[in-house]
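The following exercises are to be worked with the sequence and the coordinates at hand. Each task is followed by a solution in steps.

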Amino acid sequence: MSDARRYDAIVVGAGHNGLVNACYLARAGLNTLLLEQRHLVGGATITEELVPGFHFTTFSYAISLMRPEIVQDLGLVKHGMMVLPLVNTFQPGLDGEYLLLGPDSDENYHEIARHSPADAEAARDLDHIIARLVRALKPWMDRIPPNSRSDDPAEIAALAELKGWYDELDPEVRTMFEKFRTRSAAEILDEYFENELVKSLYASSGIIGSRCSVRDRESGLVWLFHKLGEYDGEPGHWGFHKGGNGGFTQVLARAFESFGGTIRLNSGVARVRYEDGRTQGVELADGTVIESELVVSALDPRQTFLRLVDPDDMPEDLIGHVRDFKFQGTAAKVNFALSDVPTFPGLEGREDIFTGFTNLGPSIDYLMEAWADCEEGRVSRRPFLDCCVQSTLDPDMAPAGKHVMSCFVMYAPYHLAEGNWETERDRLGDIVQETIEEFFPGFGELVLHREIVTPHDIETLIGLSEGNIFAGELFEDQLFLNRPAPGWNQYRTPIEGYYQCGSGTHPGGCVSGGPGWLAAQQILGDRQA
Amino acid sequence: MPLTTPFHPRVQARNEAGLWKHWAGYLVAPQYQHSLSAEYYAIRNSVSLLDTTPLFKYRVSGPDAARFLGRVLARDIAGCPVGRAQYTCWCDERGFVLQDGVVMQVDDGTYWLTAAEPALRYFRVMAREMGAHVEIEDVSRAFGILALQGPHAHRVIRQLTESATPLRYFGATSAMIESRRVMVSRTGYTGDLGYELWIRSEDACVVWDALMRAGRGHNIVPIGTTALKMARIEAGLLLMGADFHSARFAWVDEQRETPLELGWSWMFSKLDQDGRDFVGRSAIESELRNRTSRWTTVGLAVDWHDYERVYSEAGVVPPRHEVYAESTMSVYRRGSTEWDYAGYASSFTTSSLLRTPLAIAKLPLDLAEPGSEVDLEVTVVRRPQNVLACVTRMPFYNPARKTAAMGEEAGDE
């Protein structure tokens, strides 16, 4: 079998990076085919109506790192892009205490000052230095990183530019950057804060999706990473896309089709075809062959280098790095359909407390206890939960008066010490429900339906190895110059015409579109050369 | 919800305009009446009462309090004995201003300090670093502050306490009003005769009522923050957030300013004689020695005729009624080159009393001498126009009563 058409470019995987990449290629005039193994586009960025009227953000659930340049370049607004700002952040304690932060910095000062005036003041300092650092890092988020293994004068110049940039950083900003690179979230926070609610609110960003504790040095950089986005230019702020994050990939799909691109669903790719180091096309799982001299993998590095091509055809050094690339997923999702918003004792009837992230993880000790279970190869008995009741902002997510609640769960290790993810599935759901119940008594009575997404599901449903939500850990040795491997961090592969554009390339995970965009820059540049 | 001040029941009852603003997370009235001018003239003609509670308030005490403040504050704290208040500022090591505020020594070794932004943690960190035995408390919520300002201020307060009468300008004393202990200082942000009262929160409404009663025969008027700000430009007093910003939250040095650039060189007039070791000293010394100030802060009096002309030529009446702005207005060098950018104005008001539009501006040193002429850009029917403005020593308005002794004769009705 073979597809009669011949394409200028084939993009494998219609996650948001595949979509962004395909958009740029199609916009440049390439006859582009986007292949997706599932029945819908979006990869980990989808919304599904699992119960009539209830729209679940099955996997990713909020947006911040999306590169603003992409929105402009691709004209996404005219295709329906609409990101709603998160209004409040709610951090409940187990003792009736809580932090409810909103859009006004003076109000937030007084809210934190209820717990500690010194912390309220420190939060301003910390937020400001992070904002300055994020601004300084932005140019490097938005360009193809230098190649540390190249003799090309342009690459040597780029590395010199990187060094020059670092040397010229404002000393305060550089010091903070070094802290994030070398210290744990908890250690940095100890310098700023005394109150546990405040500390843990900040610290939880340091473990999202990562196999580390808030006391491991990796958590510094993971925290910083989650601050690299913006909302309307406000550094570190997040939003919900209209219709859930799947609404966003639908926008990208419309943009892609407007550029003349073709989407083919239910078309998993078995392998990339190449000969004499040149790309020839792909072979689908059903044996269909589609020809193209340009194939872009939006899958993660393990799939890109170990499955779609024969690793024996790849340089040993690259394959060694890919085999060592840490995935080790530790996150799960439990999503609920609710008959009403949960009730926090003392704040009865306050739906507005849910118009943003609700963080269940009120102390560093709580987060460390959750980690202790993970280290033992168990689901945390009292997990950290990042909850979003998106329907409090977007009425189209659930029937009137009813709600959907997305709960991101840390930790749920991919590799379990005992049992397997089929036997542990319901236990995960129960643990999450019991944990929410502790903070919001009566929660269980509101549950109409629940969807449990294990790390194993993340791997088997959407192909993210070991269920790592970032397509590989966001640890320093797997970022920037090393993502996914030194020398192979510029979206090219050893096969001419075969490229990579997934979150396993720079700038990495979250719904940023950066990898898809920068890969397209590289591809289109190579075609002109 | 924003916080409310302890005077809120009174403020709310009197807020006829129904306008509210946020100030440091508190609900405050920008004006009470529909006529801003009526509030403004209370400051210059009778007596005004202003709730300035949202300021952050700190209490510094302990054996090393003076040593600590001598290190942290840029102005010499030795000039602030018991019973005195002092306008001061504090800087970072690079000599950039972090904040300004008023400090007073209320008791031997006990100081009270106001600040526009939180500074508790900053002070505590500094105290720890210098090993000072000092206690720093945030007493912001424990006290409300009222400013009683205007030519009749003394005649009002003397009905309630005799303690205020001997106060010299920037003097401070404890006093009893309606059997409630208050701290009275002869300070204010209007450049007029006036007092500020620190009142325990639980006593707030009792003291407010007493002042309003005593002021009845003197046309006392509660005023909001806008009238205050109009008066403070006339008084040549800078506002953080408008005329300068805290170096703490700046992104680039262009947004940071030194005390010398803010026109506060008078705070350092004895620097060569004192051996004070305060934060930012070496940077300020170097700036003084090498004359490296990038600009200084000056008053601009806009030429009345030229202001009139640009609007008249456009066929409209010049806006002079109740104009107050904190937007940046460009200032240009006058000469053969058109639009030769020199600096900017950070605050602007059309002073009703002085019949002159006034601005606070940043200008390079060669243009900063009183009498220098520059062009100030105003927007006239949507187009930029330059009007002549003259560098003027501030304060623009400085009545003798501001600093005069209040004896029987001065206070007599």
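Two strands pair if DSSP finds at least two bridges between them. Helices (H or I, at least four residues) and strands (E, at least two) are DSSP runs, numbered from the N terminus. The model is predicted: local features need pLDDT of at least 70, side-chain atom pairs count only at pLDDT 80 or more, and totals for chains, interfaces and linings use all residues. Residues are numbered from 1 along each chain as its sequence is written, and chains are lettered from A and ligands numbered from 1 in the order in which they are written.

**Exercise 1. Describe the surroundings of strand β2 (residues 9–12) of chain A.**

Step 1. Begin with the pairing. Strand β2(A) runs parallel to strand β3 (residues 32–35) of chain A, and 4 bridges join them. Within this pair, A:V11 stands opposite A:L34.

Step 2. Turn to the other partner. Strand β16 (residues 295–297) of chain A is also parallel to β2(A), with 3 bridges between them. Here A:V295 is the bridge partner of A:I10.

Step 3. Assign the side chains. A:A9 and A:V11 point one way, A:I10 and A:V12 the other way, and all are buried. A residue is buried if 20 or more other C-beta atoms lie within 10 Å of its own, exposed if 12 or fewer, and partly exposed in between, with C-beta atoms placed from the backbone.

Step 4. Determine the handedness. Together with helix α1 (residues 16–27) of chain A, strands β2(A) and β3(A) make a right-handed β-α-β unit; in a right-handed crossover, with the strands pointing away from the viewer, the path from the first strand over the helix to the second runs clockwise.

**Exercise 2. Characterise the largest nonpolar core.**

Step 1. Apply the criterion: a nonpolar core is a set of buried Ala, Val, Leu, Ile, Met, Phe, Trp, Tyr and Cys residues joined through C-beta atoms within 7 Å. The largest such core has 279 residues, and A:V12, A:V296, B:L148, B:L197 and B:L300 have the most contacts inside it.

Step 2. Find the main contributor. Helix α4 (residues 117–141) of chain A gives the most to this core, with 8 residues.

Step 3. Leaving aside neighbours within four places in sequence, B:L148 is in contact (C-beta atoms, placed from the backbone, within 7 Å) with residues including B:V47, B:L49, B:V156 and B:L197.

**Exercise 3. Which backbone features occur at A:P484, A:P507 and B:W339?**

Step 1. The peptide bond from A:R483 to A:P484 is cis, with omega near 0°; A:P484 is in the loop between α15 (455–462) and β22 (498–500) of chain A.

Step 2. A:H506 and A:P507 are likewise joined by a cis peptide bond, and A:P507 lies in the loop between β22 and α16 (514–528) of chain A.

Step 3. B:W339, a residue other than glycine, has a positive phi near 50°. B:W339 counts as exposed because 11 C-beta neighbours are inside 10 Å.

Note on methods:
Two residues are in contact if their C-beta atoms, placed from the backbone, lie within 7 Å.
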